[in-house]
Amino acid sequence: MNSHDSTGPASTGGAAPVGADAFLKGAAPPAPSTSPAAPVVMDKPDPVPMEKLAAVTTAASGDALLRVTDLQVHFPVTQGALVARKIGAVRAVDGLNFAIRRGETLGLVGESGSGKSTTGRAIARLLEPTGGKVEFDGRDITHLSARTMRPLRRDIQMIFQDPYTSLNPRHTVGSIVSAPLKIVGDLSGDALKARVRDLLELVGLSPEHLNRYPHEFSGGQRQRIGIARALATHPKLVIADEPVSALDVSVRAQVVNLLGDLQSELGLTYMFIAHDLSVVRHISDRVAVMYLGTIVEMADRAGMYEHPLHPYTHALLSAVPVPDPAKQHRRERILLRGDPPTPLNPPAACRFNPRCWKAEEVCRTVEPPLVEIQPGHQVACHFPEERELV
Amino acid sequence: MAVPVQLEPTNLTPGPPAVKPVAGRSLWRIAWSRLRKDKVALASAAFVILVVLVAIFAPVLTSIVGVNPDEPNYGLLDPNTALPAGSFGGMSSHHPFGVEPLSGRDVFARVVYGARISLLVASLATLLSVVLGTVMGLISGYVGGWIGGLIARLMDLLLAFPLLLFAIAIVAVIPDSAFGLNGNTLRLFILVFIIGFFSWPYIGRIVRGQVLSLKEKDFVAAARGTGAGSIRIMMQELLPNLVAPILVYTTLLIPTNILFEAALSYLGVGVKPPTSSWGDMLSTAAGGLFRVDPTFMVVPGVAIFLTVLAFNLLGDALRDAFDPRGGG
Ligand SMILES: Nc1ncnc2c1ncn2[C@@H]1O[C@H](COP(=O)(O)OP(=O)(O)O)[C@@H](O)[C@H]1O
Ligand code: SF4
Ligand SMILES: [Mg+2]
């Protein structure tokens with residue numbers, strides 16, 4: 001991100017790695033249409049729940065728990081059995097800038113393969129970032145060694161996508177949930193047992209299930225076990241990597257709601273990853289949309305769902321069904337051409353250009369920087385505009 | 001793109017958590033219930049247990065029958081040929097499997113005592129290779145990097161090693177005493193070491209393969225995410241998942257090692273008389289006596305064949321029983 005030329009009409013000229021501070025100026029920004037021609041018809045806005053409003057206000061200090069600057073994670077592609085030769089790199093995450101305030105939920109959305117999990121794992125330091133900086137609680141953790149990272153791990157926990165592989169099939173629920181506590185070494189004996197029971201209850205499981213094995217539970221229940229494990233050490237930041245994608249549609253809302261309740265109860269900060277904008281709608285304060293390792297649009301919830309500006313966001317939103325059948329019927333579904341290109345060799349300039357219906361020459365030659373077009377609303381596109389979606 | 005989800009706004013209150021776990025069975029119970037229905041497995045297991053009991057209680061057994069493995073009975077031999085007098089290698093009610101040519105020692109007693117040496121060597125060697133193979137397979141698979149690659153290449157190398165040639169070379173240089181051991185104790189030690197050292201890569205490769213796929217599972221990432229170190233992950237997260245395959249391949253490695261011991265005995269690395277082992281009995285017979293006294297070869301041959309077969313059938317049955325794709 002080296003050029004900050006103001007392509008957007010309403011750019012406030014803020015630097016790209018904004019997030020926290022700028023956003024606060026307008027929790028519900030006025031929505032001046034960037035395309036003078038099209039009248040904007042909006043979906044019924046969601047009522048902002050009280051606790052979300054509270055979260056926004058308390059976060060007004062601009063106090064970022066997590067700040068990610070120009071984060072890159074590249075996976076080397078090697079050839080040769082004995083002596084591995086590097087012949088290229090998968091640029092899974094290629095220059096991310098964002099911050100998450102205390103108590104906030106940032107939704108991270110993008111198609112499969114866009115680099116969401118890699119981002120989450122790099123932040124949780126399960127992966128070594130290739131470049132950039134990850135600051136947690138004011139401390140640079142980008143390249144901490146395993147040993148220096150260890151004491152910080154209790155503060156950053158992950159919930160994984162697949163409830164079938166994220167729990168060790170040979171461990172009982174009790175030993176799964178108590179493992180983080182044993183490693184941290186806070187509790188032992190009866191206190192440990194009591195804490196595990198509390199945790200199971202907290203996530204809506206019966207403490208009687210302590211001695212059962214994961215395969216005795218349904219997907220939703222397993223995900224609750226994973227949540228209990230993540231919460232065991234009283235983390236500050238929870239990275240939920242598509243926590244409901246693998247679940248039955250009927251239990252998804254339950255698990256999302258559980259996470260929401262736990263957040264207000266325990267004052268957690270979430271990075272909530274999903275491949276679908278509808279999943280994070282109710283739980284996110286802000287949403288970032290990723291495409292091929294980069295953020296293409298980031299805004300608060302109202303901005304993202306009611307005034308989306310990036311063509312890719314439009315396409316994602318057009319796939320989300322709306323409750324009103326009449327609207328649903330009239331609505332135009334934007335079908336993207338082809339599959340996302342491989343991050344091994346991403347398209348030049350705007351990575352979305354081969355699939356974008358608005359692409360022009362400049363899109364193939366100049367990379368659009370992520371700029372703040374409206375307060376708290378950043379977009380990386382040469383031709384951002386609102387679009388009538390319904 | 002994946003199927004869009006609609007979160008009904010009316011569904012915002014948490015639903016009653018569904019906490020009734022489905023009745024489930026552990027891996028071991030599933031395996032056991034499958035094994036119980038497998039007649040071949042049960043028969044093989046019974047035979048294996050029988051052979052082990054025979055080996056353990058060899059002195060009791062021989063004294064009940066009233067025979068001795070080392071005592072020569074020249075009176076039972078044809079004075080002209082030194083072959084057992086009577087048909088079928090001199091079988092009689094006193095010597096149910098007949099007697100040895102040349103010495104007249106009781107074949108039943110020698111086979112029963114031979115089971116001790118054969119099983120002892122095979123199981124100690126298997127134990128050595130399971131321990132080595134598990135440790136090396138875990139390191140090679142989990143730690144990876146150049147160390148992992150090096151171990152993997154070493155395993156390939158050992159499996160491709162012209163072992164019997166090596167054994168022949170060893171025969172020439174086995175001293176009478178070394179490491180404070182001598183005689184047959186030293187020879188046993190050498191047998192166990194050679195067999196164990198050359199067969200750990202069988203286990204090592206299985207373990208490495210399993211670890212390579214296990215370590216990509218999220219439960220390993222979750223453990224790392226809570227600060228678990230490599231040793232803790234290998235011992236507590238990975239090892240419990242390796243027990244079933246290790247058990248299966250251990251069961252399959254024991255018979256391989258029984259044959260291995262027989263082959264080494266044939267080449268002269270085995271125990272020296274008067275101590276007997278199946279391999280040693282077989283190789284003595286194969287020296288030419290089988291032409292004039294086939295019983296002498298058939299008895300240890302059948303013992304080896306049945307034992308190896310039983311272990312193999314049991315190992316296959318265990319593999320099927322632990323197969324997650326299997327029915328039942
Ligand atoms: N360990 C890895 N080695 C090589 N490539 C990887 C690895 N992990 C992920 N990738 C690649 O990085 C890209 C982003 O993957 P991921 O972060 O899992 O995406 P998402 O979670 O958004 O589906 C994909 O193209 C994937 O193939
Ligand atoms: S920069 Fe051009 S190609 Fe990229 S999203 Fe905007 S209009 Fe489409
Ligand atoms: Mg993912």
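The model is predicted: local features need pLDDT of at least 70, side-chain atom pairs count only at pLDDT 80 or more, and totals for chains, interfaces and linings use all residues. Residues are numbered from 1 along each chain as its sequence is written, chains are lettered from A and ligands numbered from 1 in the order in which they are written, and side-chain values use heavy atoms, leaving out hydrogens and water.

**Helix packing in chain B**

- Helices (DSSP runs of H or I, at least four residues) and strands (runs of E, at least two) are numbered from the N terminus.
- Helix α3(B), residues 58-65, packs with helix α4(B), residues 107-143, at an angle of about 175°, and their axes are 9 Å apart; axes are lines fitted to C-alpha atoms, for helices over the stretch in contact, and angles run from 0 to 180 degrees between N-to-C directions.
- The two helices α3(B) and α4(B) are therefore roughly antiparallel (over 145 degrees; under 35 counts as roughly parallel, 65 to 115 as roughly perpendicular and the rest as oblique).
- In this contact (heavy atoms within 4.5 Å), A58(B), P59(B), L61(B), T62(B) and V65(B) of α3(B) meet F108(B), A109(B), V112(B), Y113(B) and R116(B) of α4(B).
- By class, the contact of α3(B) with α4(B) has eight nonpolar, one polar and one charged residues; Ala, Val, Leu, Ile, Met, Phe, Trp, Tyr, Cys and Pro count as nonpolar, Asp, Glu, Lys and Arg as charged, and the others, Gly among them, as polar.
- Helices α2(B) and α3(B) pack at about 80°, with axes 4 Å apart, and are therefore roughly perpendicular to each other.
- V54(B), A55(B) and I56(B) of α2(B) make this contact with A58(B), P59(B) and L61(B) of α3(B), and the residues divide into six nonpolar, no polar and no charged.

**Nonpolar patch on the surface of chain B**

- I49(B), V52(B), L53(B), I56(B), F57(B), V60(B), I64(B) and V65(B) form a nonpolar surface patch with about 700 Å² of accessible area together (Shrake-Rupley method, 1.4 Å probe, with only the protein chains shown counting as cover for residues).
- Such patches are made of residues with over 30% relative accessible area and no salt bridge, with nonpolar side chains (Val, Leu, Ile, Met, Phe, Trp, Tyr) joined within 5 Å and like charges within 9 Å.
- Helix α2(B) gives the most to the nonpolar patch, with four residues, while V60(B) is placed in helix α3 of chain B.

**Salt bridges**

- The whole structure holds 18 salt bridges over all chains (a side-chain nitrogen of Lys or Arg within 4 Å of a carboxyl oxygen of Asp or Glu).
- The side chains of R286(A) and E104(A) meet in a salt bridge at 2.6 Å, N to O.
- R286(A) lies in strand β9 (residues 286-291) of chain A and E104(A) in the loop between β2 (85-101) and β3 (105-109) of chain A, so the pair ties together parts 182 residues apart in sequence.
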